[in-house]
Amino acid sequence: FVLTQSTPVDTWEGHLPRLLFFFALDRPVITRSEICRAFWPELEPDQAVNVFHVTKRRLHKALDRDVLIHEDGYYRVNPEMSIYYDVMEFASVLMNARGADSIDERMAAWERAASLYRGPFLQGHSDPWIVERRVDFCAGYLEALAEMARVWQERGRHEQALALLQKGLVQDPTREDVHREVMQLYNRLGRRSEAAAHYQKLVTDLKTMKLEPEAATVSLYQEIMA
């Protein structure tokens, strides 16, 4: 969502101007060729350039200002615009967590990152550049949850750790490393039947994707059942 002066912007004249804004926000500088390859790879270069300029004009009209400026062969978001972008904060707090000295600082950063993540990046769109960033941001979210879960386990708060890991699997149910951690936690809590049920559901879900569980997952299941 984009807001200006706390008012939602809904006069984009199509989805492309809005997506172009997010594409530019995600990069310090970009070339026109990079934009055209990402948005109109099927068009001839001249055609793509024409569509780009139309899209750029619509973006400027929607936000009532020159959003993209051109300098030295590159486009970038107008530095005179005061912008808060939650994705930038999300990436920043994850970096802060990795470099923090104390566990309390890391926990605060991970908690902030987890609170900022509201779901898949630009949900509803499947452009390759969007899918790529979506995977990156989801991985960052799971990193925050997994690290917090590890700390809670070290403190003997296994139920809290379990809740965080299960929350992560809602966003990416294919992460078998997280599934294994959930199974191990169930086992530590004396809930072996739930560990088994979790494994069986994973196997069923993987079959729908024509996949088999990883060897490490099968081995863990056998170890728990033994």
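Helices (H or I, at least four residues) and strands (E, at least two) are DSSP runs, numbered from the N terminus. The model is predicted, so local features need pLDDT of at least 70 and side-chain atom pairs count only at pLDDT 80 or more, while totals for chains, interfaces and linings use all residues. Residues are numbered from 1 along each chain as its sequence is written, and side-chain values use heavy atoms, with hydrogens and water left out.

A pocket is an open set of points on a 1 Å grid over the protein atoms alone, where a 1.4 Å probe fits, with protein on both sides within 12 Å along at least five of seven lines; lining residues have an atom within 4 Å of a point. Of its 31 lining residues, Phe1, Val2, Phe22, Tyr85 and Asp86 are the closest to the centre, and H1 gives the largest share, four residues.

Next select Ala24, Leu25, Asp26, Arg27, Pro28, Val77, Ile83, Val87, Met88, Ala91, Arg133 and Phe137, which line the second largest pocket. H1, H4 and H6 each give two or more residues to this lining, and H4 gives the most, with three.

Finally, show H4 (residues 86–99) with helix H6 (residues 128–154). Val87, Phe90, Leu94 and Arg98 of H4 make the contact (heavy atoms within 4.5 Å) with Phe137, Gly140, Tyr141, Glu143 and Ala144 of H6.

Notes: Axes are lines fitted to C-alpha atoms, for helices over the stretch in contact, and angles run from 0 to 180 degrees between N-to-C directions.
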